[in-house]
Amino acid sequence: MKEWIAYGKVAPDAMAAMRGLEEYVTQSGLEPALLDLLETRASHLNRCAYCVDMHTKDARARGESARRQPLRADHTGLRARDTEHKAAVALREYLAR
């Protein structure tokens, strides 16, 4: 899928801030599968097909099954595994809206 906007050229400062946030979250200790879920869900909420495609491919490369991926797009179809998972998903929902 082709990127519609070259965000790094259009808004380099915003992209630098996003990379900083991503680095912070990556080092937070949350499991990679949960981070994939959060990124994919935020992309759905933002209605960005490019980002949904990118995060879905990233999740598959890390071992997420094709069977579970449609469920991951709408996390309400999944039961939260634990309090950390519930809190992370709730925070992502809040921030993305």
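Here are some worked exercises on the predicted model shown above.

Before starting, note that residues are numbered from 1 along each chain as its sequence is written. In this predicted model, local features need pLDDT of at least 70 and side-chain atom pairs count only at pLDDT 80 or more, while totals for chains, interfaces and linings use all residues; side-chain values use heavy atoms, with hydrogens and water left out.

**Exercise 1. Work out how many helices and strands the protein chain has.**

Step 1. Take the elements as DSSP runs, numbered from the N terminus: helices are H or I with at least four residues, strands are E with at least two.
Step 2. Counting these gives six helices and zero strands.
Step 3. Read from the N terminus on, the order is α-α-α-α-α-α.
Step 4. For burial, call a residue buried under 20% relative accessible area, exposed over 50% and partly exposed in between (1.4 Å probe, protein chains only). Buried residues then account for 26% of the 97 residues in the protein chain.

**Exercise 2. Find the salt bridges and say where their partners lie.**

Step 1. Search for a side-chain nitrogen of Lys or Arg within 4 Å of a carboxyl oxygen of Asp or Glu. The search returns two salt bridges.
Step 2. Start with R62 and D36, whose closest N and O atoms are 2.9 Å apart. R62 sits in the loop between α4 (49-61) and α5 (69-73) and D36 in helix α3 (residues 32-45), so this pair ties together parts 26 residues apart in sequence. D36 is buried, at 3% relative accessible area.
Step 3. Turn to D53 and K57, with closest N and O atoms 3.1 Å apart. These two are four residues apart in helix α4, so about one helical turn separates them. D53 is partly exposed, at 25% relative accessibility.

**Exercise 3. Describe the largest pocket and its lining.**

Step 1. Join grid points across faces, edges and corners, and take as volume the space filled by probe spheres set on the points. The largest pocket comes to about 1100 Å³.
Step 2. List the lining: 33 residues, with M18, E22, E39, H55 and R92 nearest the centre. Elements giving two or more residues to this lining are α2 (12-26), α3, α4 and α6 (83-96). The largest share, nine residues, comes from α2.
Step 3. Look at E22, which lies in helix α2. E22 is partly exposed, with a relative accessible area of 44%.

How values were computed. On a 1 Å grid over the protein atoms alone, a cavity is a set of points where a 1.4 Å probe fits but cannot get out, and a pocket is an open set with protein on both sides within 12 Å along at least five of seven lines; lining residues have an atom within 4 Å of a point.
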